[in-house]
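Colleague: Could you walk me through this one? I would like to start with the overall picture and then get to the aromatic rings.

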Amino acid sequence: MAFDLLKAVRAAAPGATVQVPAGSYPLNLELGKSITLIAAGEVELNGQKKGSCLRVLGPATDVKLVGFRFVEGSAECGGGVFHPEGKLWLQGCRFERSSAPVYGGGGLYTAGERCVVVACRFLG
């Protein structure tokens with residue numbers, strides 16, 4: 001049975017840690033609660049040029065992602081990751097081939113309370 005990332009995120013309690021198996025996940029993920037997602041191998045969030053790969057929403061959110069690859073995101077603002085509020089920690093992530101032609105932030109747009117970016121790579 002294939003891992004369902006959306007289902008795992010929805011089922012996780014606030015503050016939980018979810019191990020995400022290697023694979024490509026063609027979706028536009030929205031996180032509105034505190035959660036930690038850890039890539040177990042090569043994990044790609046592919047926005048399919050239909051919006052941000054990841055949107056972190058909610059002033060009380062504290063989101064941490066480790067080891068993810070964000071590709072093919074396309075949004076007015078924050079093609080790879082859109083983070084307008086709350087707290088975000090990104091570690092060992094890669095941002096590739098995403099765009100945000102209107103307001104910028106092709107790889108990452110952040111205006112939240114805190115955004116920590118550790119050992120991440122931003123590629124064309």
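This is a predicted model: local features need pLDDT of at least 70, side-chain atom pairs count only at pLDDT 80 or more; totals for chains, interfaces and linings use all residues.

Colleague: Okay, how many helices and strands does the chain have?

Modeller: The chain has one helix and eleven strands, and reading from the N terminus the order is α-β-β-β-β-β-β-β-β-β-β-β. The radius of gyration is 13 Å, close to the 14 Å that the globule rule gives for 124 residues, so the chain is as compact as a globular protein of that length.

Colleague: And what share of the residues counts as buried?

Modeller: Of the 124 residues, 44% count as buried. Among contacts between residues at least 6 apart in sequence, 64% join residues that are at least 24 apart.

Colleague: Which residues touch the most other members in the largest nonpolar core?

Modeller: Those are Leu37, Leu65, Phe68 and Phe70, in a core of 29 residues. Several elements each supply at least two residues of this core, among them α1 (5-11), β1 (16-26) and β7 (87-91), while the largest share, five residues, comes from β3.

Colleague: What is Phe70 in contact with, leaving aside its neighbours within four places in sequence?

Modeller: Its contacts include Leu45, Leu54, Leu65, Val81, Leu90 and Phe95. Ring pairs also link Phe70 with Phe68, Phe95 and Phe122 into a cluster.

Colleague: Switching to ring pairs, how many aromatic pairs are there?

Modeller: The count comes to five aromatic pairs. One of them is formed by Phe3 and Tyr25, which are edge-to-face, with 6.3 Å from centre to centre and 85 degrees between the planes. This pair links distant parts of the chain, since Phe3 is in the segment before α1 and Tyr25 is in strand β1, 22 residues apart.

Colleague: Is Tyr25 buried or exposed?

Modeller: Tyr25 is buried, with a relative accessible area of 8%, whereas Phe3 counts as partly exposed at 32%.

Colleague: Then why is the pair of Phe82 and Tyr109 called stacked?

Modeller: Their ring centres are 5.6 Å apart and their planes are at 15 degrees, so the pair is stacked, as planes under 30 degrees apart count as stacked. Because Phe82 lies in strand β6 and Tyr109 in strand β9, the pair ties together parts that are 27 residues apart in sequence.

Colleague: Last one, where does the charged end of Lys64 sit?

Modeller: The charged end of Lys64 sits over the ring of Trp89, 5.1 Å from the centre of that ring.

Definitions and conventions:
Residues are numbered from 1 along each chain as its sequence is written. Side-chain values use heavy atoms; hydrogens and water are left out. A nonpolar core is a set of buried Ala, Val, Leu, Ile, Met, Phe, Trp, Tyr and Cys residues joined through side-chain atoms within 4.5 Å. Buried means under 20% relative accessible area, exposed over 50%, partly exposed in between (1.4 Å probe, protein chains only). Helices (H or I, at least four residues) and strands (E, at least two) are DSSP runs, numbered from the N terminus. Contact means heavy atoms within 4.5 Å. Rings of Phe, Tyr and Trp (its six-membered ring) pair if their centres lie within 6.5 Å; planes under 30 degrees apart count as stacked, over 60 as edge-to-face and the rest as tilted. A charge sits over a ring if NZ of Lys or CZ of Arg is within 6 Å of the ring centre and within 35 degrees of the ring normal. The radius of gyration is taken over C-alpha atoms; the globule rule is 2.2 Å times the number of residues to the power 0.38.
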